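Please consult the sequence and the structure alongside the text.

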Amino acid sequence: TMWCLELLLPLLLIINDANCQWNVWVPRDISAMTNSCVVIPCTFMYPSGIRPYRGIHGIWYFGQPYPQLFPPVVFKTRTDIVHESYKGRTKLLGDLHQRNCTLLINNIGTEHSGRYYFRADLGGANMYTFPDYAELKVLDQPSIDIPEEIVNNCPDMSPEIQWMYTDYLPDPEFSSDYLEESNTAVLSSTLTFTPRPMHNGQLLGCRVYYPNTTLVYERLISLDIKYAPRSVWVNVSSEVMEGSSVMLHCEVDSNPPSRISWMFGDDELLWDTASNISLSLDDVTSAQEGIYTCVGDNGYGIMNTSLYLAVKYPPREPVVNESMTIQEGTSLALHCSTQGSPAPTLTWLKDGELVGTITADELSVLEIVEITPQGDGQYRCLAENEHGRASSSLNITVEYAPVLLEESKCTVVREGVQCVCMATGNPEPTIEFYLPDLNITINETDGRYNFYTHTDGHTSTGMIKMREKGERIDNGPAVNVHCSISNMYGRESVHLELQQEKKYMMAVIVGTIGGVAVIAFIIAAVRYVGHNNKKENGNPRQDVVLENPALYYSAVKKDKQNLRKKVLKTELLGSKFNSILEETTGEDGDYQPVGSMAGLERQELNYAALEFIGARSREGASGRGDDGSNYTEIKAK
């Protein structure tokens, strides 16, 4: 009786996925009478790697498995909101935590006939609507199906049933049934096993034979095991350089073959119904970096696997602030942003020198608090990674009030007094000189006093020359000059000190002392000569009184040569002193040697007295003083 095999096989080949993927078991066909109730048995499986988030919930849909099509909700564990036709009629008999999703529907009517789908909700993105369904038929009256039978009209022959090619089946179970009614006996054999995807395409047979005869009847079938995608294989995540090409490959194990698609975000790039598919990307750009997902769907289930494609490229040209002009004391933030893979390091440089910190990110902010004039310059943001570098620059111009520089002063020069005023500022300062004693303002429109001005960047220089050194008034400064510096941010007026005045006065004092020393030396020399004459001639001492402060020197004729040598030595010492004085003051010496025999010059003295020993009087040029001392008038020849 071969009809048993044909009837039982469709019910025996029910998939029970041993790999614990998304799977559900529900009866394909179920019927019930009008106004009665119906129970739809249901068990489901989900991947072992998923951990339910905040419990397991479920939804039963009618007619369609896809939520986006808004099918009627038959039952929902989270809320009591269901379709109007199912209110108060449905109840979940199974425990979802035990993977039992059995549903009870009460008081059914013909409008409830149709397909019922179950959707599992494990929290987060782990939601799945199973494509398998239970089709309910609501009947007004029962139906009768009459199966085909094989009738054996030979009562002396009793057949036996044997299953073929069952060795590879996991834990097969065999059962026989013998039913005798009236004059008819029915013999059947049932094979029960749980098929797996690996059994797809395997042969299975049923043999009916009569013992002690040669009568044998066989039939073979090839198992067609339907199963959802159980594996999706893709390339491992990879890195590629910008501008190169890459091939993404995907293989899906399922029966029937799945519709395979490559997704990038929400965009479907390529699809085909096959066992594998390859996606080719040419001239890759940074915009193509991201997650690529391969999805396999064959109606029995959906499975996907993703990979991350990393595109490496050098830093893009950084985006920085525009160049700016700001006032001193302003606080500002300089932004630098770029893109690169791997993420570049960002460095701020000012005029080639490192400022701030090095940032390993795509954004760097340089904070400048209360900027000073020293903050003026070019700022450059440098982005670097292992594939290259790029930079962008901006200029910051700092405007500030004028500041007087230390070089500003008045000095004594050969021509008189020179005053220099130097200031820095932005905009460049305007310089004027003011002589308060004369109530005169000197600027670039005034040609007097040799006014000169020069600008170099943010530094301005002004200079005047006064021919007269000036005279001291009430022990005050000999020079009274004020410098005025100004721009749009401020004005300042300062008095210029005569920087070398003290040095010059010291030179005068030293020169005066030196002159006195020279004269003292001459006197000592003359006394020495006279003393020698006294010893040689035995003449009595003659005192010479010089009444006129303006003295003229001459030597005793006898000792003329000796005196010339003494005076010449003194003259050399005076010349050396003048050289030292000239180096000290920066000018020619004002003091000349005295007593030169070649040509004597008048020297201004407050008082001088010379005493000559053994001087001989001349006719008409000698006499005796009131106190009886001799005197001699000496004249230079």
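The sections below treat the aromatic rings, the charges placed over rings, and a sheet.

## Basis of the report

The structure is a predicted model. Every value given here is computed from that predicted model.

## Aromatic pairs

The structure contains 15 aromatic pairs. One of them joins Phe-44 and Phe-130, with 6.4 Å from centre to centre and 55° between the planes, and is classed as tilted.

Phe-118 is part of strand β9 (residues 114–121) and Phe-130 is in the loop between β10 and β11, so the pair ties together parts that are twelve residues apart in sequence.

## Burial and the ring cluster

Are the three phenylalanines of these pairs buried or exposed? Phe-44 has a relative accessibility of 2% and counts as buried. Phe-130 is buried too, with a relative accessible area of 1%, and Phe-118 is buried at 3% relative accessibility. These assignments hold because buried means under 20% relative accessible area.

Ring pairs connect these residues into a cluster whose members are Trp-22, Phe-44, Tyr-46, Trp-60, Phe-118, Tyr-128 and Phe-130.

## Charges over rings

A member of the cluster, Tyr-46, has Arg-99 over its face, at 4.5 Å from the ring centre. In another contact of this kind, the charged end of Arg-28 sits over the ring of Tyr-133, 4.7 Å from the centre of that ring.

## A three-stranded sheet

Which strands form the open sheet, and in what order? Its three strands follow the order β17-β19-β22, and their pairing is antiparallel. Strands β17 (227–234) and β22 (276–281) are the edge strands, each pairing on one side only. From one strand to the next, the twist averages 20°.

Strands of a sheet pair through backbone hydrogen bonds, in a parallel or an antiparallel manner. Between strand β19 (residues 246–255) and β22, which run antiparallel, there are six bridges. Met-247 has Ser-280 in β22 as its bridge partner.

Key
Residues numbered from 1 in each chain as written. Predicted model: local features only at pLDDT ≥ 70, side-chain atom pairs only at ≥ 80, totals over all residues. Heavy atoms only, no water. Phe/Tyr/Trp six-rings, centres within 6.5 Å; stacked < 30°, edge-to-face > 60°. Buried < 20%, exposed > 50% of the residue type's maximum accessible area, 1.4 Å probe, protein only. Helix = DSSP H or I, 4+ residues; strand = E, 2+ residues; numbered from the N terminus. Lys NZ or Arg CZ within 6 Å of the ring centre and 35° of its normal. Pairing = 2+ DSSP bridges. Axes fitted to C-alpha atoms, helices over the stretch in contact; angles between N-to-C directions.
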